Amino acid sequence: MTEPLAFDIREYLRLELMPHFMCPGCGHGIALRALLWAVHELGIAKDKLAVVSGIGCSGRVGAYIDANTYHTTHGRPLAFATGLALARPDLKVVVITGDGDCLAIGGNHLLHACRRNLDLTCLMFNNEVYGMTGGQVSPTTSATRLTTTTPTGNAEPVFDACRIAEAAGASFVGREVTRQVPALKNLIKSAMSHVGFSFVEVISDCTEIYGRKNDLGEAPEMILHQKADMRPEAFGNVADQPFRPNRLTTGILSQHDLPEYGETYRARAALLRSGEK
Amino acid sequence: MTTELQPLHGNQACALAAVAAGCRFFAGYPITPSSEIAEHMSHELPRVGGVFVQMEDEIGSLAACIGASFGGAKAMTATSGPGFSLMQENLGYAAMTETPCVIVNVMRGGPSTGMPTRPAQGDLMQARWGTHGDHPIIVLTPASVQEIYTETTRAFALSERFRVPVVVLYDQVVAQLLESIEVPPAEQSVAADRPWAAAGNGFQPYAETESLVPPMVRPGEGLRVHTTGLTHAPTGFPTQAPPVADRALKRLLEKIEKHRDVIDKSDAYRCEDAEIVIVACGITARAARRAVATLREEGVKAGLFRPLTMWPFPERAFRAATANARRVLVPELNAGQLILEVERLTAGRRPVAGLNRVDGEPLAPRQISDRVKELARHD
Ligand SMILES: Cc1ncc(C[n+]2csc(CCOP(=O)(O)OP(=O)(O)O)c2C)c(N)n1
Ligand code: SF4
Ligand SMILES: [Mg+2]
């Protein structure tokens, strides 16, 4: 038995920043734990880890990680990360983004990051709402949900981020719930080990704003809703998902071995240089 | 003497100068009349171990450049009006996080899609004030292919040294000119790196230093810091404590003011005894120079003051150049932008007149000299 060294989250946190800003029960903290646990088990040196985040409660999470952390502009972390990863292929670049950050204002960058297949891992913390700005509707807010900008209940259909990512060419796509921390940790490990662009949708809960507004109970009850909804990948999509209809298939949803953009670029550049000698 | 003469197109000179300065990352999105810069960079960069990437838009282009610069690469993007508008948010981010980057804006007719293939100088104020909030920025305005070369290399040197975004701003005519230029020897063009931080106890990424330019952290080498566009304390972490926020912004602005002796650059032509001083940049300055020569032949005491650093405006040199002038004339390819700064600095001490053209054509020397003569009649 080769048990990995015990995971002590404090080794990966900037403890001087505690207490953190998150509301009690916020799923983003759980997602952060899963990420750091994955980093630990993969043995990634903190010096070599670069976390690029957007704007939102999800984006604020990056600051707590004792690594090279970049809190960028709303919707653009994937574009910033593209430059960083191309300039510094020695770094392990992880993007933390929210459902609004990634799918609304940043939707175009997501499509092209998927298509380009640069070696990056994108973690989208999906809490179905714009948490940071006080609970407005997002592209993943479930039908009929109340938000501060859908006073009569949301009438817009939702995006399935994983299907978008897959269709746009992401070579790794997965989804997991914050309820299952070990499973989420394992999925993030697989994503970070994958060579190419990996997209992970993390189902998170905005307890204070979304949960309260929709009478979904306190944090423990919201976590139980995740259980009621989630279906491991093997079961396929099923209809009886009361809280997030048809959208909680979990696990690795697709994985392909495709040419990684940075490697391809560097190989061609080397060929060009050798041809000119 | 290793300087060689080479016929170059303006945008090509920009790309070659960038590579010579040490630029190893370019991200851009095609737009007339700047696209040749991207095309040249896509050819040059892989040859020197750099990276070119065509992004999905200009927002992503500048974001990618800043990301590459986080990693230590000298980075550049190039665009024109509509793309420059899209870049404004991330331009402010670069200013706030003190991430070096060079942005080329080849000005065409505006607003909106305007006249893509026509020259204009309508982005002078946008280049200074386009992003929200008070912010430091340096803007350079070359007027020839030669100057595109030297000012692009200077843009990298300034951006790195002061950790500030630098905009190279020129009009479509200069961009598309083909002129023989002196390409300086490579070692003269290469820009020194930004100051790098060395690991040490109690390191703070935004601590006050003598130069007001804090050394930057290169990721992967032992210092792990946080970079944010939120107002941040010397630790790099967000703060809203009024005294800390106050100092944070003031340091950003002061770091430019403190180094005006290095940043300012201008050219005064026959201003010593000039009774009328023309203030112009870019292609308009070239027409104005010709006008001055003709006027002098006709006995009119005219001179030309030409800012090469447009922002911050070279005030001291401007004051010296206009000290004895009875009047100032500001010809420009817009409805009146540079004139606002000239009026501010002149502060009513002498009359300032404008000469504006917004029809997509450059001002001709004759138009400028006629206007000077017309003004002289009032004296
Ligand atoms: C350009 C721009 N537009 C709007 C905002 C305001 N804003 C900040 S966070 C946010 C939404 C964040 O939602 P999401 O990405 O879902 O993150 P969460 O807070 O839910 O984690 C918005 C609209 C901004 N910072 N920048
Ligand atoms: S507002 Fe919502 S998403 Fe933001 S910290 Fe609170 S619970 Fe989490
Ligand atoms: Mg959200």
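## The largest pocket

H9(B) gives the most to the lining of the largest pocket, with six residues. Helices here are DSSP runs of H or I of at least four residues, and strands are runs of E of at least two, numbered from the N terminus. The structure is a predicted model, in which local features need pLDDT of at least 70 and side-chain atom pairs count only at pLDDT 80 or more, while totals for chains, interfaces and linings use all residues. Residues are numbered from 1 along each chain as its sequence is written, chains are lettered from A and ligands numbered from 1 in the order in which they are written, and side-chain values use heavy atoms, with hydrogens and water left out.

A pocket is an open set of points on a 1 Å grid over the protein atoms alone, with protein on both sides within 12 Å along at least five of seven lines, whereas a cavity is a set where a 1.4 Å probe fits but cannot get out; lining residues have an atom within 4 Å of a point. About 660 Å³ of space lies in the largest pocket, a volume being the space filled by probe spheres set on the points, which are joined across faces, edges and corners. Of its 34 lining residues, B:Gly92, B:Met96, B:Gly229, B:Leu230 and B:Thr231 lie nearest the centre. Both helix H4 (81-97) and helix H9 (242-257) of chain B supply at least two residues of this lining.

## The second largest pocket

The second largest pocket has a volume of about 330 Å³, and among the 22 residues that line it, B:Arg108, B:Gly109, B:Gly110, B:Pro111 and B:Asp123 are the closest to its centre. H4(B) provides the largest share of this lining, three residues. The lining also draws at least three residues from each of domain 1 (4-182) and domain 2 (266-376) of chain B, with domain bounds that come from an automatic or database domain assignment.

In chain B, the centres of domain 1 and domain 2, taken over C-alpha atoms, are separated by 26 Å. Their contact (heavy atoms within 4.5 Å) takes 26 residues from domain 1 and 23 residues from domain 2. The area buried between these domains is about 2000 Å², of which carbon and sulfur atoms give 55%; buried area is the accessible area (1.4 Å probe) that two parts lose on being put together, summed over both.

Between the chains, 40 residues of chain B are in contact with 37 residues of chain A. The two chains bury about 3300 Å² between them, 58% of it on carbon and sulfur atoms. B:Arg47, B:Glu56 and B:Arg224 supply 21% of the area that chain B buries against chain A, more than any other three residues.
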